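Please look over the structure below together with its sequence. The text after it goes through the pairing of the chains and then a few local features.

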Protein chains: 2
Amino acid sequence: MTTLTDTELHDLAQQLRVDSVRAAAAAGSGHPTSSMSAADLLAVLLARHFRYDFTRPAHPGNDRFVLSKGHASPLLYAAYKAAGAIDDTELLTFRTLGSRLEGHPTPRRLPWVETATGSLGQGLPVGVGIALAGKRLDRIGYRVHVLCGDSELAEGSVWEAAEHAGFEHLDNLTVTVDVNRLGQRGPTRHGHDLDAYARRFQAFGWHTIEIDGHDIAAIDLAYAEARDTVGQPTAILARTLKGKGVAAVEDREGLHGKPLPEPDEAVSELGGDRGLRVEVAAPPAARSLHAVRSGHLDLPRYETGEEVATRDAYGQALTALGTARGDVVALDGEVGDSTRSEYFAKEHPERYFECYIAEQQLVATGVGMAARGWLPYASTFAAFLTRAHDFIRMAAISGAGINLVGSHAGVAIGQDGPSQMGLEDLAMFRSVHDSTVLYPCDANQTARLIATMAELTGVRYLRTSRGKTPVIYPPHEEFPVGGSKVLRSGRDDRLTIVAAGVTVHEALRAADELADAGIPVRVIDLYSVKPVDRHTLREAARATGCLVTVEDHYSEGGLGDAVAEAFDDGAPVPRLVRLAVDPMPGSATPQEQLRAAGIDAASIAAGVALLVEQAVTP
Amino acid sequence: MTTLTDTELHDLAQQLRVDSVRAAAAAGSGHPTSSMSAADLLAVLLARHFRYDFTRPAHPGNDRFVLSKGHASPLLYAAYKAAGAIDDTELLTFRTLGSRLEGHPTPRRLPWVETATGSLGQGLPVGVGIALAGKRLDRIGYRVHVLCGDSELAEGSVWEAAEHAGFEHLDNLTVTVDVNRLGQRGPTRHGHDLDAYARRFQAFGWHTIEIDGHDIAAIDLAYAEARDTVGQPTAILARTLKGKGVAAVEDREGLHGKPLPEPDEAVSELGGDRGLRVEVAAPPAARSLHAVRSGHLDLPRYETGEEVATRDAYGQALTALGTARGDVVALDGEVGDSTRSEYFAKEHPERYFECYIAEQQLVATGVGMAARGWLPYASTFAAFLTRAHDFIRMAAISGAGINLVGSHAGVAIGQDGPSQMGLEDLAMFRSVHDSTVLYPCDANQTARLIATMAELTGVRYLRTSRGKTPVIYPPHEEFPVGGSKVLRSGRDDRLTIVAAGVTVHEALRAADELADAGIPVRVIDLYSVKPVDRHTLREAARATGCLVTVEDHYSEGGLGDAVAEAFDDGAPVPRLVRLAVDPMPGSATPQEQLRAAGIDAASIAAGVALLVEQAVTP
């Protein structure tokens, strides 16, 4: 391998600019000026410091690079071209239908991308997750590089990540901030005041280096210093100019996200196309660590009739899963005593990650670890997962395989009141692309579903409850994703109650009361909210003509919507009735809450009796 | 008014502890130990520094207090009792059904509460919004006090707020951090290391004061110093002990969120009930400023047939609304050039607030300003509002009247790809309690709806589009919330296409093609996604038997679900078919995107033709 001189590195950077300009010009859109500011930084990193085998992106020894400012994708793709990973023809497919080179990079399409970016302030949090995997799980010496813009440092998630990285002493992590002083609509808060950013990172325990981001030698020294820094992550704060190298656009406002007005002239001004190739250093030999442990999954078993909270079953099942599989990791947002992830922490402390009250970082850590091949289960209160909605949305764009578990769902938590109640979590997770949404009602069902989640792809969500509920399924019952359980059924069923989680038990009580009163009804436990069991719901619709959904969730986006969705292809639709939470709850006991929301057994029975009566009397 | 001595203040603090213990004991739940750590802080603030008329919570001169650690509600309610705002009988209704004294305080129930808390890390962001209103809108000298826990400083939103407050020089804002070193499940990251927190706040431009949070004189001096600090917000970092004053619980782990084991003994140890009353200083005379401006709303008008992006209409209509009404304020997350809020900024710069790329703070600023009687419109890309989901959820619990506008909705944005596409925003906003969700398809409709939003309560959301669409409604058309428009209709309609936003135009083209081919169909513009127009949808169902929804959104939680909801009370349901976005989009032109998602005119026409054929041939 030949080492490039500083002059050659300057040429390489100019080529990255040229290719950024060309790609955006060909596409007629994109962010060339945001690419040009960071070209020198990436050129030096790639040629002198990064260790990566582009033919083996899964190589465990590879360094990892996250382009947090995902809109600078032309620069990334230009670098891929310089490294020989893509050719010029592909480069010029940028942003066209079917191209791997999307407006913002995603690992769905490109094997060298660690995580989807484009929602700002997410690259560093995910980079922290990868670096944490490197330090505490893989225990391989790879380095994690994140390239951020300066505008995105306004996102709180960046400081959540900074806190996490500083506290965990992630000296395998380097963030380079391309301080080009211009956001989308104008100047950033701090302009070229590198000290302002340095003070912030230092306060969170980082080592900082301030440089001219167009000075090849300074950049090189900074990366060397970062590599040699022990016990602290490093932030390289690089003063740059947006549109650097082309006078018509350099350091000017109003040019964000636009191709250059005169691309051919710009290419000339940048010295033309050089056709340079860069030899990226190979990673050292390394192997992944997450060996299978016992290999045998010994899930907890609960006796039917026993009263067990599904959150307890979650903690116990996850612990068992962690014993069986060495790749399972657990994360929590400082409520492990409530979610019961603490059971896992006690048994497998080396694979447990306390993320404190920082739900964005909680999910981002999971995404980063999943990118490194680990199988994360991240838990907090269902309500607080809304804090990480944008991260979950982006995880879906990445195609990240993460398990999220939300406890304390619904009004059934009781006195704590609405701020602590997950009442919109099903809606949020149903709308996540390619997601799976599960909501068990008993401990055995929870345990089986927790194990099943490990086999799925994409974002999967499981909702647990705070209070105890009776175990109604035997330990060996199967609960396929996309299935449901018919718990009460007869030839003369007048309608069908569809419930999940805590409302299953209310529905069963209501059905038994109604049966005693001569009104037989069917009861379905719809534990798989997404995908939904179309077959069973349609069969119930045919047989009973009316589906009444009962859910401990607001009426939009949850069980009622999921059931309606089962008929969204023009199939005959039964009558649909939904019982859900309204109005806004306050404080009360769990049973009072269910009553006030009209989703307890008595309310269900009364509602059903009324419906049946209406059906009889025209 | 008599000034309490330091000894009397100590007694007052002990009384607050006593009442916290008593309230939690009566409730059988709650967070007394988290209340006891901050009792001295609140006692001194209330008796010596706070200016507030409890009989007139709307008094414009009142100081404002936000309990960010909302779980310490017993302390807040104990303080209300000491101030004479509630009596002891009400105090002991804590956490019971129907009580105003919820587990976490909300302004829905208590007039002295500025904003609902209980999801941590939100009090300071909202406090920043109130303080900003005080400085730049009300221009009244009230001070804003936020009491935070130490655990919640792990939330990035706190540092978004810190950045915002420092940059805006909010010297009317004081945050007191009750550093009791214990979170829910154990020690915080930084324990009693006050310097760690001080470094962080200082880095963001704050003045900091470190004190013993149980030293009455030190607390008093700190509040005086905060009041006298100019040009900077102040953070008082107070070293405290959780459960202070009762040996059995003081500074001990494992006691979070639990009543004291021996409340009577604890009350004795704290010196018993003293029956103290505190005279809170009256606010100075003050009056609100937001006078009506022109009073006359001169909305923009667009010619039918003209091509105008609804985001442009948003910017123009909001500007006109701001001219008519002096209480309208606009906020944006550094994309005002894209959302078009920049139009408002140019016309009304004094009422425009740049929140930079910090969507949590964007929404929190809106919530804070709404609490002070202003009418905020906050905009960013629809996709990025997911970043603020937890804040929006809490805004609904507050009952805050805020307008949120998400631009760049759906695949129709084109090349930028999925990270920038709002494809789950309708699902998110539909599930917000008491929300209104609007999605206009043309410029006149947008303008009218923007004006209508000002008259609504709760969280209201409007979705705009990036690309231009033809104006199809005349300027004076009315668009009531909960309504819809039937755009094509005839006696022989074979089915009904329900569309909104960009898909209205695709649906109209499809309907015209289909009519030419002898297949007349009805077309409904469902601009009011929530509440939904049950009447018109049911009428269409009766008349045509089949509703086909077409939406630029994922299939869950959006238009398809909203239409199904219109039949959720057991009414006869037509056949339902939904066309929505799937699979995950990449980059492509807007028209290619609509085609790939199967929601363009050709796909609609083909799908409808197939449905009609199926209906004919059994």
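The model is a predicted one.

How are chain A and chain B related to each other? Two copies of a chain are related by a rotation about an axis and a shift along it. Here chain A is superposed on chain B by a rotation of 180° with 0.0 Å of shift along the axis, and the RMSD is 0.0 Å. That is the relation of a two-fold axis. The residue of chain A that comes closest to this rotation axis is A:Gly156, whose C-alpha is at 1.9 Å.

The interface itself can be described by residues and by area. On the side of chain A, 101 residues are in contact with chain B, and 101 residues of chain B take part in turn. Of the interface residues of chain A, 100% are also interface residues in chain B, so the copies meet through the same surface. The area buried between the two chains is about 8500 Å², and carbon and sulfur atoms give 50% of that area.

The elements of chain A that give two or more residues to the side touching chain B include helix 7 (156–167), helix 8 (194–203), helix 14 (359–371), helix 20 (559–565) and strand 19 (575–581). By residue type, that side of chain A divides into 35 nonpolar, 34 polar and 32 charged residues.

Side chains of opposite charge can pair when their charged atoms come close. The count of salt bridges between chain A and chain B is 18. One of the salt bridges in the model joins the side chains of A:Asp561 and B:Arg430, at 3.1 Å from N to O. There is also a network of salt bridges that links A:Arg430, A:Arg534, A:Glu565, A:Asp568, B:Asp561 and B:Arg578.

Over all chains, the whole structure holds 94 salt bridges. A:Arg542 forms a salt bridge with A:Glu539, with the closest N and O atoms 3.3 Å apart. Both residues lie in helix 19 of chain A, three residues apart, which is about one turn of the helix. A:Arg542 counts as exposed at 61% relative accessibility, and A:Glu539 counts as partly exposed at 34%. In the second pair, A:Arg595 and A:Asp600 meet through their side chains at 2.5 Å, N to O. A:Arg595 is partly exposed, with a relative accessible area of 49%, whereas A:Asp600 is buried at 2%. A:Glu350 is partly exposed at 38%, while A:Arg351 is buried at 4%.

B:Gln420 is placed in the loop between strand 10 (402–407) and helix 16 (425–430) of chain B. Is this residue buried or exposed? At 7% relative accessibility, B:Gln420 counts as buried. Beyond its neighbours within four places in sequence, its contacts include A:His104, A:Gly118 and A:Ser119 from chain A, and B:Phe381 and B:His408 from chain B. B:Thr188 lies in the loop between strand 3 (173–179) and helix 8 (194–203) of chain B, and is buried with a relative accessible area of 11%. The side chain of B:Thr188 reaches the backbone nitrogen of B:Gly191 at 3.0 Å. Leaving aside neighbours within four places, the contacts of B:Thr188 include A:Tyr356, B:Asp150 and B:Tyr197.

The peptide bond from A:Lys530 to A:Pro531 is cis, with omega near -5°, and A:Pro531 is found in the loop between strand 17 (528–530) and helix 19 (534–544) of chain A. In chain B, the bond from B:Asp582 to B:Pro583 is cis, with omega near 0°. B:Pro583 lies in the loop between strand 19 (575–581) and helix 21 (590–596). A:Arg95 is a residue other than glycine with a positive phi, near 65°, and counts as buried at 3% relative accessibility. A:Arg139 also has a positive phi, near 50°, but counts as exposed at 60%.

Technical notes. Residues numbered from 1 in each chain as written. Chains lettered and ligands numbered in written order. Predicted model: local features only at pLDDT ≥ 70, side-chain atom pairs only at ≥ 80, totals over all residues. Heavy atoms only, no water. Contact = heavy atoms within 4.5 Å. Buried area = accessible area lost by both parts, 1.4 Å probe. Salt bridge = Lys/Arg side-chain N within 4 Å of Asp/Glu carboxyl O. Helix = DSSP H or I, 4+ residues; strand = E, 2+ residues; numbered from the N terminus. Nonpolar A, V, L, I, M, F, W, Y, C, P; charged D, E, K, R; others polar. Least-squares fit on C-alpha atoms with pLDDT ≥ 70 in both. Buried < 20%, exposed > 50% of the residue type's maximum accessible area, 1.4 Å probe, protein only. Polar contact = N/O pair within 3.5 Å; in protein donor to acceptor, adjacent residues only side chain to side chain.
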